Amino acid sequence: MGGRVSILTVEGLGKTFGGLKALSGVGFSVKKGEILGVIGPNGSGKTTLINCITGFVRPDEGKVLFKGGDITRWRPHRIARVGVARTFQVMRPFYSLPAYKNLIIPLWSPRARKEGGWRGGGKHGDRDTVAIDILEEIGFERDSRVPYKLASTLPTGYLKRLELARCLALRPEIIFCDEVFSGLSASEVASMLPLIEKLKMGGITLVMIEHRLRELFRVADRVMALQFGEKIAEGHYKDVIEDPRVKEAYLGIEEK
Amino acid sequence: MEILLFGIINSVTLSLTALGFTLVYSISRLPNFAHGALYVTSGYIVWLCVNTLGMNYFAGIAVGIAATAIIGALMYRLIIQRIRGMQISEIIATYAIGLAIIEGLRWGGLRGSTFTLPSFLAGSMKIGGIAVDNQRLFVLGSGVVVFAALGLFVKYTKTGLALKAIAQDERAAMMLGIDSDRKALVSFALGSGLSAFAAVLILPLGSIVVETGYNVLIYSIAISIIGGLGSWGGAVVASFLIGFAQILTEVFLSTQYTMVISLLAIIFTLLIKPSGIFGKQKELDDRV
Amino acid sequence: MSDGRARKERIDRGIKVRSDGLYAVSSLREMLYLSGPRILLIAGLLLLPLLLDPHPYWRRVINILCVYALLAIAFDFLANCVGLVCLGGSMFIGLGGYFAAVFNVHLHLSVYLSIPAAALAGAVASTLLILPCLSLRGVYFAIVTLMYPLLFTRVIEAFDLLGGSNGITGLDSFPGSNIENYSILLTLLAVLFGLRRLLNEDIGLVMHAVKDNDQSVRASGIDVVRIKTLAVFIASFIGCLGGAYLAHVYMWAGLSLFALDFSIIPIAAVTIGGGGILFGAVVGCLILVPLSEFLRFFGTFRIVLYCTALTAFIVFKSEGLMPYCARKYQQFERWAGA
């Protein structure tokens with residue numbers, strides 16, 4: 001896996017909320033096409049990390065470089081437009097609309113119009129077709145008319161996929177997944193793993209924040225661990241989980 | 001010197017009028033558009049107590065403040081509590097209530113300038129060779145005392161700390177067992193009471209007119225925008241900015257322009273730093 | 001799986017089920033069912049001036065009603081389709097009216113030019129004035145829109161601008177009361193159906209998304225501030241159009257254009273008539289404006305009345321009259337289970 005180019009680099013990222021240091025001196029690189037897992041106990045700053053990188057929270061210090069360009073402190077929509085997408089842990093799709101209509105919004109954005117190959121102002125039909133295609137890619141069975149079902153009738157597994165579809169509609173280069181496995185049963189997670197692999201094979205870089213370590217380790221190339229807003233380990237997952245600091249963070253065991 | 005003195009007095013007066021509004025917003029994140037209405041109502045209640053019921057002035061004041069606090073609490077309990085969380089409805093509701101009260105008062109007879117409250121302290125003192133009426137000085141003194149008291153209250157009493165906790169993070173506060181609804185009720189009552197308090201202090205300086213309700217609202221909004229919504233420090237600083245600006249315009253231009261200064265200050269703030277002096281750009285931070 | 005208790009269930013009426021899909025409309029009856037309400041509205045509005053011909057006073061009321069309806073539509077659009085609560089609709093009336101006065105009296109533009117021009121100028125001015133607070137929390141929008149009309153009146157009075165308390169007189173009126181009535185009626189219908197069409201387009205969906213989940217919209221690469229600006233421009237154009245029209249009806253532009261009525265009646269109309277569908281706004285006005293005329297001699301008590309009714313509707317979470325009627329039209333309830 002050596003020799004791959006870095007697509008995103010974070011240097012010295014720090015953020016304080018009130019008196020709480022949510023992030024402190026976090027730095028790492030994400031290589032193009034890899035899947036980087038981010039783990040850590042609750043409150044370790046994982047979501048803040050995504051928020052700072054994707055522009056939803058302004059970092060107090062540090063830099064974020066995407067494909068060489070400085071995107072620190074850019075507004076969220078600008079960051080999304082250059083190809084950095086993210087999912088939200090708390091999803092709020094349009095429950096009263098069919099699943100595919102939920103994708104109209106990202107498909108309407110300037111980037112999707114540019115990358116998608118069809119021009120904005122194109123007929124309804126085009127955008128709807130693209131939406132259904134994306135949903136099919138993501139596992140919504142077209143034959144069972146799943147894309148046409150109202151979002152309110154879809155189980156969590158499908159909603160999680162819908163959230164990923166929202167990102168895909170942007171034709172992103174990198175997706176930050178905020179706990180996409182949470183709230184799913186073991187079999188649902190198992191069925192999502194091939195999807196993750198498929199995204200990776202399509203050339204998309206993934207940074208996955210997860211609590212479900214076993215499943216994460218099946219797909220992640222490298223793993224990074226955070227605790228109390230600091231990076232405490234990075235590397236192949238086998239090395240990371242053996243790291244004494246990580247053990248202590250998760251299990252509270254002191255390695256003597 | 002004259003400018004300095006009257007500037008300070010004016011600023012403190014302004015900050016007192018905005019007090020209730022700032023308190024309610026900083027705790028329950030609700031802009032209480034009925035603030036101006038409550039202000040005028042309290043003055044009217046005191047007037048009624050004194051002139052129609054023949055009560056003693058200070059008794060009347062006590063009744064006025066208490067009654068207004070109760071009205072505020074009722075407003076929250078009966079109406080707002082039921083629509084908490086729906087921001088659009090909350091905003092419209094307090095606006096409608098405020099309007100109903102103000103226009104109701106106008107219709108009910110609060111017309112003309114025959115409604116006045118006497119000053120508590122007659123006479124005037126000389127400070128640095130300038131005559132200032134005692135009432136104004138009393139307002140100044142009270143203002144300082146009130147702000148200090150509030151500061152202590154929030155820092156050292158249980159209720160005060162609870163209110164502050166809710167202001168910072170409602171969910172966490174709820175998890176710690178602080179009843180958010182009860183505290184919001186308290187903040188509304190307190191805020192209304194403070195509006196009344198400011199009213200009884202300041203209204204004697206002029207007469208009770210229904211328009212004051214709108215003016216107080218405009219000033220509270222102006223101070224909130226310039227200082228940052230919900231920020232105490234910002235409110236004080238903004239009051240001083242507007243207060244001094246008004247005095248300066250009065251001295252060098254003419255009294256007509258004083259209200260206009262507020263408008264210009266608001267527009268200026270919106271152009272340069274829309275979230276206000278101490279406003280934190282929390283818009284994005286808040287909900288992620 | 002009954003639990004022994006009866007529950008109410010709502011079932012679409014047969015005719016609705018049959019006429020729902022585009023392919024299913026086969027009989028005249030079904031077509032009438034679908035388009036009936038709409039035709040009723042359009043025909044009703046257009047016939048109104050003819051019906052009220054012998055009463056010039058009430059023909060005037062139609063004009064005022066249409067202006068309020070425009071404001072109510074603008075409020076509904078902003079509040080329920082984009083999530084911005086505009087507490088100062090009178091700001092648009094005032095701006096539109098004064099611009100029209102300036103264009104007509106000082107720049108000698110004809111009625112047919114001054115109204116659209118004033119609408120455009122007013123929209124630009126409003127959007128610029130509101131723009132800075134669009135990137136802030138929603139509450140700022142409410143505060144700022146509440147404040148502007150109050151401040152404008154005071155400024156105009158204080159500086160004796162634009163005629164001060166007397167206002168600008170001498171505006172041209174319309175060549176005839178038929179033109180007066182029908183120009184605004186047709187405008188209202190155009191705005192109503194045009195806006196509904198817009199909301200059905202993708203941009204309408206994006207606007208709803210901004211209201212419901214703006215973070216997700218941002219994450220999808222869309223500049224939320226730009227969308228809000230567009231919405232404000234559209235709404236203020238509609239409002240200023242009404243204001244410009246009104247100034248010509250009164251042949252005068254004065255401080256009363258910033259009256260509280262223009263701010264509160266649209267809000268009450270939308271709350272009572274039902275929000276989010278634009279038709280509710282019109283229905284609400286159809287109820288409130290004639291009522292307001294009857295209540296004229298009650299003075300400002302009518303405002304107390306609107307506000308109380310408004311608050312009652314909000315507190316009791318009533319969906320509004322239009323949705324209620326629409327539901328009755330499309331579904332029937334019955335007791336089931338047990």
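# Chatting about a sheet, a core and a contact

Visitor: Which residue stands opposite Cys177(A) in E8(A)?

Guide: Cys177(A) has Met208(A) standing opposite, and Met208(A) belongs to E8(A). Please keep in mind, as we go through the chains, that this is a predicted model.

Visitor: Okay, and in which sense do strand E7 and strand E8 of chain A pair?

Guide: Strand E7 of chain A, which covers residues 174-178, pairs in the parallel sense with strand E8 of chain A, residues 205-209, and the pairing runs over five bridges. In general, strands of a sheet pair through backbone hydrogen bonds, either parallel or antiparallel.

Visitor: What's the order of the strands in that open sheet of chain A?

Guide: The open sheet has six strands in the order E6-E7-E8-E3-E9-E10, and its pairing is mixed. At the edges stand strand E6 (84-86) and strand E10 (230-235) of chain A, and each has a single partner strand, so one side of each is left without a neighbour in the sheet. On average, and ignoring direction, neighbouring strands of this sheet are turned by 20° against each other.

Visitor: Which helix packs on the sheet?

Guide: That is helix H1 of chain A, residues 46-54, which touches strand E3 (35-39), E6, E7, E8 and strand E9 (222-227) of chain A. The direction of H1 makes about 150° with that of E7(A).

Visitor: Switching topic: how is chain A divided into domains?

Guide: Chain A is divided into domain 1, made of 1-83 + 175-180 + 205-256, and domain 2, which is 84-172. The C-alpha centres of these two domains of chain A lie 26 Å apart, and the contact takes 15 residues from domain 1 and 13 residues from domain 2.

Visitor: What gives the most to the side of domain 1 that touches domain 2 of chain A?

Guide: E7(A) does, with four residues, while H1, helix H2 (76-81) and E7 of chain A each supply at least two residues of that side of domain 1. Sorted by class, the side of domain 1 of chain A that touches domain 2 has nine nonpolar, three polar and three charged residues.

Visitor: And the largest nonpolar core, which residues touch the most other members there?

Guide: Of the 269 residues in the largest nonpolar core, those are Tyr68(C), Ala69(C), Leu70(C), Ile73(C) and Cys285(C). Helix H3 of chain C, residues 56-82, gives the most to this core, with 18 residues. Domain 1 and domain 2 of chain A both give residues to this core as well, so it lies between them.

Visitor: What is Leu70(C) in contact with, leaving aside its neighbours within four places in sequence?

Guide: With those neighbours left aside, Leu70(C) is in contact with Leu188(C), Val191(C), Ile238(C), Gly239(C), Leu241(C) and Gly242(C).

Visitor: How many residues of chain C are in contact with chain B?

Guide: There are 34 residues of chain C in contact with 36 residues of chain B. On the chain C side, helix H6 (138-159), helix H10 (260-273) and helix H12 (301-315) each supply at least two residues, and the largest share, eleven residues, comes from H6(C). The residues on this side of chain C divide into 25 nonpolar, seven polar and two charged.

Visitor: Last one: how many helices and strands does chain B have?

Guide: Chain B has twelve helices and two strands, and from the N terminus on, its elements run α-α-α-α-β-β-α-α-α-α-α-α-α-α. Of the 288 residues of chain B, 49% count as buried. Among contacts in chain B between residues at least 6 apart in sequence, 74% join residues at least 24 apart.

Notes: Residues numbered from 1 in each chain as written. Chains lettered and ligands numbered in written order. Predicted model: local features only at pLDDT ≥ 70, side-chain atom pairs only at ≥ 80, totals over all residues. Contact = placed C-beta atoms within 7 Å. Nonpolar A, V, L, I, M, F, W, Y, C, P; charged D, E, K, R; others polar. Core = buried A, V, L, I, M, F, W, Y, C linked by C-beta atoms within 7 Å. Buried ≥ 20, exposed ≤ 12 C-beta atoms within 10 Å, placed from the backbone. Domains from an automatic or database assignment. Pairing = 2+ DSSP bridges. Axes fitted to C-alpha atoms, helices over the stretch in contact; angles between N-to-C directions.
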